[in-house]
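Take a look at the chains below.

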Amino acid sequence: MTFTGNQALRIHEPLIFEVGHTEQTGVDLPDPAPHASRLGRHARKTPVGLPGLTEPETMRHYVRLSRQNYAIDLGLYPLGSCTMKHNPRLNEKAARMPGFGDIHPLQPLSTVPGALELMKTLSHWLLEMTDMKAVALSPKAGAQGELAGMMAIRAALKDRGEDRKTVLVPESAHGTNPATAAALGYRVEGVKAREDGTVSVEAVREKLSDDVAAIMLTNPNTCGLFEPEVAAIAEVIHEAGAYFYGDGANFNAIVGKAKPGALGVDAMHINLHKTFSTPHGGGGPGSGPVVLSERLAPYAPVPYFRGDTLVERTGDAEGEEMPFGRLTAFHGQMGMYVRAMAYMMSHGADGLKQASEDAVLAANYIKASLADLMSVSFPDRPAMHEVLFDERFLKGTGVTTLDFAKAMIDEGFHPMTMYFPLVVPGAMLIEPTESESLASLDLFIGSLRDLAMAAKRGDTERFTEAPRYSPRRRLDETRGARKPVLVYEAPEPAREAAE
Amino acid sequence: MRYHPLTADDRALMLKKIGVGAIDDLFVDVPAGKLFTEPMNLPAGQSEIAVERALSAMARKNHAAGDGPFFLGAGAYRHHVPATVDHLIQRSEFLTSYTPYQAEISQGTLQVLFEFQTQVARLTGMEVANASMYDGSTAAAEAVMMAARLTKRGKAVVSGGVHPQYRDVIATVATGVEIDALPSDPTAGEDILARIDKDVACVVVQSPSFYGHLIDLAPIAEAAHEAGALLVSVFTEPVALGAIEPPGAQGADIVVGEGQGIGNPLTFGGPYVGLFATQKKHVRQMPGRLSGETVDADGKRGYALTLSTREQHIRRDKATSNICTNSGLCALAFTIHMTLLGEKGLTRLAALNHERACATADALTAAGVEVLNETFFNEFTVRVPGDAAAVVERAAGEGIIAGLPVSRLDAAAPGDLIVVAATELTTDEDIAALAGALGA
């Protein structure tokens with residue numbers, strides 16, 4: 001058992017709006033000196049309505065809330081495609097050094113040589129790992145990195161005087177891929193995968209025309225497979241005058257093993273938070289630098305480095321440079337650059353390669369250990385860093401993928417990714433990462449085997465009633481969406497009195 | 001490698017279980033000749049001591065904001081963050097959790113986001129808010145796209161008082177929306193009302209403006225509404241809303257801003273936290289993630305991500321935006337700091353910021369520096385003789401970060417302007433040093 005079962009610590013924590021008071025505060029601030037106000041007629045007349053708590057109350061409130069969260073520091077978090085690996089605290093310590101944490105983005109550049117050095121070093125590492133020619137660090141998350149890469153492609157096409165309207169997106173892609181292409185006004189054309197879960201060069205060739213601007217291919221793909229025809233796909237894409245956008249969400253599987261540039265990729269974002277372990281913090285912040293091939297190198301958003309010079313404004317670009325604009329104020333996620341850099345320096349070339357190998361090894365070990373009880377979606381190819389199962393093994397048991405996932409919570413694990421990718425029914429995508437010991441993997445495998453056997457034996461209550469040992473039982477998500485309550489509203493006094 | 005638990009024996013045993021002879025047998029799908037067998041041309045792994053030493057050496061080359069008098073704002077603000085905030089956000093259960101897809105074991109994050117949404121809605125005077133966006137600039141671009149969807153119109157009028165980099169981001173990211181950007185004029189008013197016509201989806205106005213001016217939003221909102229357009233209001237300093245009338249009380253339809261000033265360090269510009277608030281009726285066109293209240297199987301109140309049918313992982317190319325994350329940890333810092341402040345603390349903090357800025361403006365005026373603003377919150381614009389960038393550079397050489405030469409961000413702007421900001425951290429000694437550096 002990994003769960004303590006200590007119900008005395010199952011806390012119901014009210015909202016700050018129910019326990020705080022607008023007259024209460026947890027900070028001591030001096031009274032402002034007397035002065036003539038320059039707010040004019042703009043001074044606030046309406047109350048804000050923000051309750052406060054004292055410092056001890058604030059501490060308890062948020063510590064109690066934290067205890068209602070699962071986290072990678074608590075146990076295995078096999079959320080496929082999301083990559084929950086160990087978050088070294090050295091990264092946090094480095095990001096909080098005053099010379100990194102307490103510098104302003106618009107200080108004179110002469111006062112921040114260390115920050116520029118860090119950004120240049122990070123750029124160098126990313127280019128070496130990917131065999132690409134230019135990097136724009138600024139995108140704030142993977143999805144914005146995609147936007148940056150596709151905008152670079154659009155800018156390059158425009159520069160050639162071409163107005164291509166179609167983007168090919170395999171059906172196994174992340175939802176951000178079609179959303180990004182559509183946001184830029186492209187028509188999204190799907191590409192079907194083969195029986196084995198990968199995309200064939202023939203399927204791509206069939207969709208090609210002089211209207212195709214790019215293909216967006218995730219590799220390793222979201223079925224957990226390396227696309228074996230990737231180089232050939234790049235070739236036909238380039239022959240057709242289109243560009244190859246690589247979704248680098250799963251780059252962590254191949255660092256030190258395969259370089260996207262050598263495979264023919266023209267633009268690829270790298271989720272620093274996934275591959276280089278910056279903490280996810282309940283959903284973000286992320287960081288999604290985009291690397292560009294020789295042919296796209298002149299088309300990057302500002303700011304970017306040309307040699308040792310920081311190009312901050314589109315108007316400052318010279319020569320071949322054709323920056324397409326700016327994606328975010330300032331320089332991007334500096335705090336994440338520091339964390340990623342600390343992670344990279346700790347690992348070094350060998351450690352990064354070992355991380356990829358161990359992640360792939362762990363995924364295949366899970367696959368081999370569960371293949372007899374659970375249905376592996378694509379058994380014939382090696383899994384990369386994640387392995388895809390589907391609901392076939394639950395057929396006739398009355399247990400769904402959702403039930404199975406919720407039962408894992410009662411076993412002390414965070415569930416895997418459910419119902420994604422969309423290419424198989426009832427998908428279960430498991431990503432153990434390189435952070436797990438063999439004992440940890442075996443414990444997880446043991447629990448899953450036990451659950452699979454329980455489902456087959458007809459012990460359905462263990463699933464449909466799950467989770468039983470979590471801070472909340474199953475939540476009614478439909479109700480939440482039908483009549484959304486997104487902010488706290490105090491109960492009507494009349495209703496309160498009646499109750 | 002200290003982060004890798006598997007031993008050589010473990011690896012051998014696992015390969016055996018899988019049924020392959022070597023690790024590269026699991027990489028057979030990499031095309032021939034493309035599998036790297038030699039190490040990358042990068043340094044070897046280093047001990048914790050060595051990495052800490054190397055990064056610390058790099059960090060020490062930078063002049064930190066706390067190293068001396070500091071008057072730079074322009075979209076990022078140096079405030080005191082209570083120690084409690086940084087301690088709490090480093091709790092493992094917050095720091096190392098993921099997007100709260102499994103609501104039953106993510107109530108901590110979900111309830112925080114619900115509190116965050118409520119705080120942001122109240123601060124801005126709006127009905128609803130989302131669970132944060134990347135930052136203020138990208139939130140502004142998303143607001144413009146949302147206004148275009150809501151009005152089915154294709155044009156946005158952007159005030160010259162909007163942060164120049166926000167203007168650039170809107171122009172770059174709001175694809176398909178034609179941007180009518182008013183010239184940036186820090187001294188005169190601008191006739192934004194004359195630009196509003198029946199093709200305009202929204203008017204984008206920042207108050208306090210990039211130059212620090214406080215702007216009356218109500219007449220702009222009225223004119224926009226009359227023409228069937230929306231008012232998108234922008235702010236870069238959340239503390240200001242503790243002292244000035246909120247955009248919601250002045251008729252704004254979408255309020256976006258940068259939340260960094262509450263709870264989050266400067267960090268050279270990121271990660272920050274975008275705030276996004278609007279009216280209830282627009283909620284289904286709102287980008288980003290939302291935490292909503294619901295009940296569990298036992299009837300207990302709980303929270304879950306909601307309205308995800310707007311999002312890319314379900315709607316794919318029909319989604320309201322391609323965003324698939326939020327600034328969870330930065331939003332947490334904002335929420336905790338705001339809870340520590342409460343209304344009393346926030347209004348006190350705002351008053352203190354305003355007083356420090358007034359004292360700075362007075363000292364500069366006394367030193368013969370021209371202050372251009374009639375009204376301001378904690379930031380204003382001054383005119384200096386000659387090249388502002390050179391003046392700022394010279395002051396930096398003396399250890400004083402004097403403010404932002406406007407020409408750095410806006411090549412078309414006059415070269416003699418500096419935007420100066422003060423906060424609760426500004427001391428009388430700092431002010432005297434600045435007056436000495438900029439004074440005649």
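Buried means under 20% relative accessible area. Cys202(B) has 0% relative accessibility, so Cys202(B) counts as buried. Keep in mind that this is a predicted model.

**Cysteines**

How many disulfides does a search of the whole structure find? The search over all chains finds zero. Take Cys82(A): this residue is in no disulfide. Its nearest cysteine sulfur belongs to Cys324(B) and lies 8.3 Å away. A disulfide needs the two sulfur atoms within 2.5 Å. Cys82(A) is also buried, with a relative accessible area of 8%.

| Residue | Relative accessible area | Class |
|---|---|---|
| Cys82(A) | 8% | buried |
| Cys202(B) | 0% | buried |
| Phe114(B) | 0% | buried |
| Tyr303(B) | 1% | buried |

**Aromatic rings**

Now the rings. Over all chains, the count comes to 13 aromatic pairs. One of them joins Phe114(B) and Tyr303(B). Their ring centres are 4.8 Å apart. Their planes meet at 40 degrees, so the pair is tilted. Where do the two residues lie? Phe114(B) belongs to helix H5 of chain B, residues 107-124. Tyr303(B) belongs to strand E9 of chain B, residues 301-305.

Phe276(A), Tyr343(A) and Tyr3(B) form one aromatic cluster. A charge meets a ring as well. The charged end of Lys257(A) sits over the ring of Phe27(B), 4.7 Å from the ring centre.

**A sheet in chain A**

Next comes a sheet. Strands of a sheet pair through backbone hydrogen bonds, either parallel or antiparallel. In chain A, four strands form an open sheet, in the order E10-E11-E13-E12. The pairing is antiparallel. Which strands stand at the edges? They are E10 (375-376) and E12 (417-418) of chain A. Each has a single partner strand, so one side of each is left without a neighbour in the sheet.

Strand E11 (residues 387-390) of chain A is joined by three bridges to strand E13 (residues 428-430) of chain A. These two strands run antiparallel. Phe389(A) stands opposite Met428(A) in E13(A).

Helix H11 of chain A, residues 334-370, lies across E10, E11 and E13 of chain A. The helix runs at about 30 degrees to E11(A).

Technical notes
Residues are numbered from 1 along each chain as its sequence is written. Chains are lettered from A and ligands numbered from 1 in the order in which they are written. This is a predicted model: local features need pLDDT of at least 70, side-chain atom pairs count only at pLDDT 80 or more; totals for chains, interfaces and linings use all residues. Side-chain values use heavy atoms; hydrogens and water are left out. Buried means under 20% relative accessible area, exposed over 50%, partly exposed in between (1.4 Å probe, protein chains only). Rings of Phe, Tyr and Trp (its six-membered ring) pair if their centres lie within 6.5 Å; planes under 30 degrees apart count as stacked, over 60 as edge-to-face and the rest as tilted. A charge sits over a ring if NZ of Lys or CZ of Arg is within 6 Å of the ring centre and within 35 degrees of the ring normal. Two strands pair if DSSP finds at least two bridges between them. Contact means heavy atoms within 4.5 Å. Axes are lines fitted to C-alpha atoms, for helices over the stretch in contact, and angles run from 0 to 180 degrees between N-to-C directions.
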